Amino acid sequence: MSYLAEDISQKTSGLIQSRNHRDLLDIVDSLRSHGVSHYVDLPQIIVCGSQSSGKSSTLESLSGIAFPTAEGLCTRFATELVLRRGDKPEIKVHIQPGTNRSNEERARLSAFAGKAKDQDEFPKIIEAAKEAMGLTGSEGAKIFSTDVLRIESTSPSAPNLTLVDLPGLFGASDKNQSDADAALVQDLVVYYMRQRRSIILAVVAADNPFANQPVTKFAREIDPSGMRTLGLITKPDKIDSGTDTESYYVELAQNLNVKLHLGWHVLRNRSHATANDTIEERDEREAQFFANSVWRALDSSNLGVEPLRARLRNILWKQIQTGLPGVKAEVQSGIKDCRLKLAQLGKARSTKREKHTYLQRISSHLSRLVRAAIDGVYADQFFESFPGQQDAFERRLRAHVQDILNRYANKMGTDGHALEVVEDDIEPTRLSATRYIMRGDYLEEVKDLMVECRGRELPGTFNPMVVGDLFSRQCKPWEPITQNLVEEIHEAAARNFNRIVSEICDENTKSRLMKGHIQPALHRLRGDLKVKVDELLKPHLSIHPITYNDYLTDSVQKIQTKRHDRRFDDLSQSLCKCNSMTADPKGHTVDLKLLLTGLKKGTRPNVEEYSSSLAADIAAAYYEVALNKFIDDVSVDAIESCLIQRLPDVFCPDVVWDLSDEEVEQLGSEDDGTVRERAELKKKLAILEDGLKDLDAFTSRSGVHAVTKE
């Protein structure tokens with residue numbers, strides 16, 4: 001009895017002929033065997049189509065292994081036939097559990113194993129696999145599964161290649177298969193199609209109307225250029241000769257109807273009546289059929305299994321040439337990702353010293369990055385920015401703080417005063433009537449306040465406390481606006497720490513560190529900041545106005561000058577129909593007596609009005625002086641001194657040295673998940689690094705690296 005693995009090897013060895021091709025697929029197989037295909041799409045041939053379209057028979061013709069080919073419901077799960085080169089001919093079968101399986105089910109299915117040396121053993125293995133997956137056919141059992149049956153065939157001359165048989169697509173449900181099953185199958189087929197280095201054999205049965213077979217629709221949606229899709233027409237012997245159906249499919253095979261870049265191929269597989277034919281008998285029947293039918297009008301390279309192997313070989317080789325740079329780039333990216341994650345996890349730590357050393361490394365790195373972030377020195381790779389990046393501010397803390405403080409200053413400028421006092425001849429900028437007051441009405445309130453604040457001052461003057469009361473009323477919004485600033489700054493700092501800690505340590509340590517130390521420390525800093533803000537705010541709310549800034553008198557002068565100039569222009573306009581801006585420099589005839597009388601009356605002082613107006617102007621000027629000083633004091637004495645400059649010390653090396661043994665144990669310990677993750681990353685890194693060495697050696701000797709990337 002010949003070994004089944006050798007039989008398969010003989011059937012598929014034609015798919016891969018060149019030494020370069022074999023070398024590359026050796027590398028691909030090494031990556032695939034360790035599960036790296038989860039991260040890097042690798043070259044494979046997938047056979048997909050509607051139910052009973054001849055997919056499994058096609059795979060059998062290509063590989064030499066008998067897959068289920070009964071009529072009706074056949075393939076219930078994806079079956080990967082992995083052809084590998086090895087010294088000892090052997091067939092191994094196991095199950096890769098689907099992602100929706102529980103841990104207990106995954107363990108049970110992963111333990112499934114089988115071996116075979118001849119064809120007769122395969123049906124038994126497949127039936128055992130169905131039972132393990134829960135596809136027993138009993139009432140209430142599943143019809144399809146997302147698990148994968150993986151058949152590994154090893155022999156000295158086998159190519160390293162993967163062929164995948166997929167469940168057939170269907171639309172209408174019945175008692176055996178539901179709409180949910182249809183969706184599951186579609187998702188599974190589309191998942192394999194989307195693997196961009198998979199060659200799609202889109203199988204269409206000639207004995208079924210083309211419109212009822214959606215496989216080419218999915219293929220064109222996923223591979224619109226058709227660069228990796230080959231249409232395959234099966235069962236040409238099932239349609240009557242000379243019919244319109246035959247003409248339709250011949251036209252399709254000639255790529256004149258649904259056009260694919262890779263074109264179409266026609267295959268006549270075994271039928272139920274010829275199921276026991278040998279490989280040679282099967283090939284002979286196929287050749288005779290094509291030689292004696294209308295299909296002979298097609299080019300011989302598009303007919304039969306041998307030309308199909310040749311086409312697949314060429315397509316696969318081109319796919320590899322095109323995809324190799326992308327495979328290499330993804331392997332390099334995977335290596336970089338592994339090293340980054342291993343750096344985050346740190347070395348294994350079981351002793352107190354190892355845990356303390358790990359925390360020291362984290363604290364040193366954290367303090368350095370935080371210092372750079374608040375100094376605005378963004379040279380470290382951590383601060384790398386690109387267009388459209390969402391977390392740039394979370395990383396570049398100084399830029400974030402500057403933006404927050406700029407918005408705070410603008411907010412204080414526009415909304416810091418309780419009421420906008422609007423000159424009677426000017427329109428208000430605020431829309432709500434409750435947020436502004438015309439100056440004439442405001443002066444009436446000032447007069448009332450002057451009465452309430454009356455002290456020992458002489459008539460016609462005002463108590464300086466009037467200015468203090470007016471200012472106190474206006475600066476009421478300062479407190480809520482500034483408290484909101486405190487929260488924004490605290491949140492910005494917390495996000496910066498969260499982002500940095502995410503980069504420099506594992507998730508378990510990050511969670512413990514943020515929750516057990518950094519967040520409480522930032523909470524304390526926020527408390528100190530609030531105390532400082534209250535301290536800065538208190539004098540403005542409780543102490544009479546004090547300033548030695550000349551800007552106060554200059555501001556009063558400017559306010560009154562602008563008002564005087566507007567009033568004078570209005571008066572002159574009413575008296576002589578012109579003002580200082582519109583008067584003719586060459587002269588203008590006016591009634592001098594009317595002008596002088598009008599000016600005398602219009603500029604006559606009113607002591608009571610003057611006092612209230614002066615008090616309002618001084619209060620407005622003092623508000624501007626106090627506002628600018630308060631914004632600067634909050635920015636420097638509160639935000640900068642009480643929080644920003646203290647951030648590098650939140651978890652610095654000095655803090656780590658002072659940690660108790662209990663705190664070191666709590667923060668520096670690693671859980672079982674971390675241990676497993678480190679081991680998996682080390683294993684993956686070793687595999688990827690070995691693969692990269694082989695890829696480098698291959699590209700240097702073959703020149704494939706020069707082709708265009710995907």
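Biologist: Which residue in β7 is the bridge partner of Ile-45?

Modeller: Ile-199 in β7 is the partner of Ile-45. Helices (H or I, at least four residues) and strands (E, at least two) are DSSP runs, numbered from the N terminus. This is a predicted model, where local features need pLDDT of at least 70, side-chain atom pairs count only at pLDDT 80 or more, and totals for chains, interfaces and linings use all residues. Residues are numbered from 1 along each chain as its sequence is written, and side-chain values use heavy atoms, with hydrogens and water left out.

Biologist: How many bridges join β1 to β7?

Modeller: Strands pair if DSSP finds at least two bridges between them. Here 6 bridges join β1 (residues 44–49) to β7, and the two run parallel. β7 also pairs with β8 (residues 229–234) in the parallel sense, over 6 bridges, and Leu-201 stands opposite Leu-230 in β8.

Biologist: And which way do the side chains of β7 point?

Modeller: In a regular strand, side chains alternate between the two faces of the sheet. In β7, Ser-198, Ile-200, Ala-202 and Val-204 point one way, while Ile-199, Leu-201, Val-203 and Ala-205 point the other, and all are buried. Buried means under 20% relative accessible area, exposed over 50%, partly exposed in between (1.4 Å probe, protein chains only). Since 8 of the 8 residues of β7 (residues 198–205) are buried, the strand is largely enclosed by the rest of the structure.

Biologist: Which residues are buried in helix α22?

Modeller: In an α-helix there are 3.6 residues a turn, so residues three or four places apart point the same way. In α22 (residues 661–668), Val-664, Leu-667 and Gly-668 are buried.
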